[in-house]
Amino acid sequence: MSEHLLSVQQVCDAYTELRIRVGDLMRSITSKQALTVVPHCPQWTVKDCFAHMIGVPEDVINGQMDGVATDAWTDRQVQRHKQDPVAELLKIWETNAPVFGKILPNIPQPVLSQFMFDQTTHEHDIRAALNKPGARDSVAVAVAEGFLRNSLSQNGDPAIASLANHEMKGFEFLRSLSGRRSKTQISKNGFNLQLVEMFIAGMPYDIPDNDVSDD
């Protein structure tokens, strides 16, 4: 296993903690807040983003993996829950948790950590939209950071691979390399912008044109 990836048990524990944490957050908001546009995913509301988060394990359980990780796949998750209130989404998440919990440790690395990278990224997208920051030092962030560092280290371009050992740590490293910081912000964070652009060009997200904030 890569030196950058956390153990399977750590990833599974991180997901359990995230699920409880995000569930509590979603239970605390109003129906109006659920319709807040997510700045990092402007095509989605908070509820849409949450629908995607519950939709991934839902699809894994039901074997609906056609086009996995594509925009079409994630859009189907959002669309099938378009009319469901947050309370119903929470019920689905909780109902599926025991079943998915048995599947999760059997997902091979680095796909397992990639799943948590996606979940963690969207937890903080939702937090940013609601102006409810938190959990930036969570195990989930460490798992997501490890996934990115592993992905970088495996890159065929030695210059891009060298970013795996960048001195920046934690939350800001995650946001800088997950399409949640502008070119200006990425440069200010001490990254070689050209290398980051080349890395992100191979990922299913883009660098935003304008500065974005999680605060």
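Visitor: What makes the approach of the Arg 21 side chain to the side chain of Glu 123 a polar contact?

Guide: In this predicted model, the side chains of Arg 21 and Glu 123 come to 2.8 Å, and since a polar contact requires a pair of N or O atoms within 3.5 Å, the pair of Arg 21 and Glu 123 is counted as one.

Visitor: Where does Arg 21 sit, and what else does it touch?

Guide: Arg 21 belongs to helix α1, which covers residues 8-27; with neighbours within four places in sequence set aside, Arg 21 is in contact with Glu 123, Arg 127, Ala 135, Ser 138 and Ala 140.

Visitor: Why is Arg 21 called buried?

Guide: The relative accessible area of Arg 21 is 19%, and buried means under 20%, so Arg 21 is classed as buried.

Visitor: How do you know that α1 is roughly parallel to α5?

Guide: The axes of α1 and α5 cross at roughly 25 degrees and come within 10 Å; because angles under 35 degrees count as roughly parallel, α1 is described as roughly parallel to α5. The residues of the contact of α1 with α5 divide into 13 nonpolar, 3 polar and 3 charged, and α1 passes α5 in a left-handed crossing.

Visitor: Which residues of α1 and α5 meet?

Guide: On the α1 side they include Tyr 15, Leu 18, Arg 21 and Val 22, and on the α5 side they include Phe 115, Met 116, Glu 123 and Arg 127.

Visitor: What makes α2 roughly antiparallel to α5?

Guide: Helix α2 (residues 46-62) and helix α5 (residues 111-130) pack at an angle of about 160 degrees, their axes being 10 Å apart; angles over 145 degrees count as roughly antiparallel, and therefore α2 is given that description relative to α5. By class, the contact of α2 with α5 has 10 nonpolar, 3 polar and 2 charged residues, while the crossing of these two helices is left-handed. Among the residues that meet are Phe 50, Met 53 and Val 56 in α2, and Phe 115, His 122 and Ile 126 in α5.

Methods:
Residues are numbered from 1 along each chain as its sequence is written. This is a predicted model: local features need pLDDT of at least 70, side-chain atom pairs count only at pLDDT 80 or more; totals for chains, interfaces and linings use all residues. Side-chain values use heavy atoms; hydrogens and water are left out. Helices (H or I, at least four residues) and strands (E, at least two) are DSSP runs, numbered from the N terminus. Buried means under 20% relative accessible area, exposed over 50%, partly exposed in between (1.4 Å probe, protein chains only). A polar contact is a pair of N or O atoms within 3.5 Å; within protein, one must be able to donate a hydrogen and the other to accept it, and residues adjacent in sequence count only if both atoms are side-chain atoms. Contact means heavy atoms within 4.5 Å. Axes are lines fitted to C-alpha atoms, for helices over the stretch in contact, and angles run from 0 to 180 degrees between N-to-C directions. Angles under 35 degrees count as roughly parallel, over 145 as roughly antiparallel, 65 to 115 as roughly perpendicular and the rest as oblique. A crossing is left-handed if the near helix is turned anticlockwise from the far one by less than a right angle, and right-handed if clockwise. Ala, Val, Leu, Ile, Met, Phe, Trp, Tyr, Cys and Pro count as nonpolar, Asp, Glu, Lys and Arg as charged, and the others, Gly among them, as polar.
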